Amino acid sequence: MSTPRITSSRGRVRIRMELGFLLGPATLLFAGFVLAPIGIAIYYSLYSWGGYGPLTDFVGLKNYTDALSGSVFKQAVEHNVLLVALSLLIQLPLAVWIAMLLNRRMRGRALIRVVVFAPYLLSEATAAIIWALMLSKGSFVDQALKAVGLSGQIHGWLADPDIVFYTLFVVITWKYIGFGIILMLAGLQAVPAELREAAAIDGASPWQIMRSVVLPLLGPTIRIWIFLSVIGSLQLFDLVWIMTLGGPAHASTTMVTYMIDHGYKSNEYGYGSAVSVIVFALCFAFALLYQRFVLRRDLDGALTNAVR
């Protein structure tokens, strides 16, 4: 009677040892490179520290209250929220529309896909420098507008506080829209052609097929893209910092450029750590809520299929 119990106990120990052996290195790396830096940032954020010497000037939550009550940081938060809204309202429909066009049979489709995805392969630094040169006064964009008779539309694209953020959004869209298109194309490949054909036989118009058949089946892909887009918009830094440094007059500053400008450049590392913790908290809270209320059905389905 005791043999099965001993065997099952040994099996459980063996499984635990295997899990520990396989997951141990990844867990250590995660703890060392993710959890530890977060804890250190939280600890530093409680001090007024200039980056040199020991941490002696304990200020508690003062860095957080200063950041949350500062007008520049509030403006940076507004810019990130505006970027999220523009991404969902413009980039998402544009990515779905272009993906549907490229999903059709046409000559040169493979080449067009490469051209669309190519900007995403460029590094942020390279793309930012190219566009900064193109948008400088008297450069390519200004000359192109003159060539088509639109000289009156020439502006200081990166120097005018009223339009600099929208200029950056155009660059951001050019840079990242390719990833969204490829993601949507992958989702469209999973839509069975038989369903479209059956809907067409039943008399559905192309618009009805797209609205009632394609888009619902493309829902999981769209939800994943929304998650990645929102997180990326909240953490935006590279393009903005290289092209404008958050200026002019903080007209294009984001939360992360604010963190670098008021933390690293000003030697206020305690304050910068507080801002970084705020950004992390916002992203973490969004990720948890989005997974709980939006992605839960998709993840449950994936887990159920994996178990089967």
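Contact here means heavy atoms within 4.5 Å. The structure is a predicted model, in which local features need pLDDT of at least 70 and side-chain atom pairs count only at pLDDT 80 or more, while totals for chains, interfaces and linings use all residues. Residues are numbered from 1 along each chain as its sequence is written, and side-chain values use heavy atoms, with hydrogens and water left out.

Thr244 is in contact with Leu158, Val164, Leu168 and Ser252, leaving aside its neighbours within four places in sequence. Thr244 belongs to the loop that runs between helix H11 (238-243) and helix H12 (255-264); helices are DSSP runs of H or I with at least four residues, numbered from the N terminus. With a relative accessible area of 11%, Thr244 is buried, a term that means under 20% relative accessible area with a 1.4 Å probe and protein chains only. To Ser252 there is also a polar contact, side chain to side chain, at 2.8 Å. Such a contact is a pair of N or O atoms within 3.5 Å; within protein, one must be able to donate a hydrogen and the other to accept it, and residues adjacent in sequence count only if both atoms are side-chain atoms.

Met255 lies in helix H12 and is buried at 1% relative accessibility. Not counting residues up to four places away in sequence, Met255 touches Phe73, Ala76, Val77, Asn80, Leu234, Val275, Val279 and Leu282.

Two packed helices are described by the angle between their axes and the distance between the axes. The axes of helix H3 (residues 71-102) and H12 come within 8 Å and cross at roughly 150°; axes are lines fitted to C-alpha atoms, for helices over the stretch in contact, and angles run from 0 to 180 degrees between N-to-C directions. H3 and H12 are therefore roughly antiparallel, the term for angles over 145 degrees. In this contact, Val72, Phe73, Ala76, Val77 and Asn80 of H3 meet Met255, Tyr258 and His262 of H12. These residues comprise 6 nonpolar, 2 polar and no charged, where Ala, Val, Leu, Ile, Met, Phe, Trp, Tyr, Cys and Pro count as nonpolar, Asp, Glu, Lys and Arg as charged, and the others, Gly among them, as polar.

A further helix pair is formed by H2 (residues 62-69) and H13 (residues 269-293), whose axes come within 9 Å and cross at roughly 70°. H2 and H13 are therefore roughly perpendicular, as angles of 65 to 115 degrees are classed. Asn63, Tyr64, Asp66, Ala67 and Leu68 in H2 meet Gly270, Tyr271, Ala274, Val275, Val277 and Ile278 in H13. By class, this contact has 8 nonpolar, 2 polar and 1 charged residues.

How values were computed. Helices (H or I, at least four residues) and strands (E, at least two) are DSSP runs, numbered from the N terminus. Buried means under 20% relative accessible area, exposed over 50%, partly exposed in between (1.4 Å probe, protein chains only). Angles under 35 degrees count as roughly parallel, over 145 as roughly antiparallel, 65 to 115 as roughly perpendicular and the rest as oblique.
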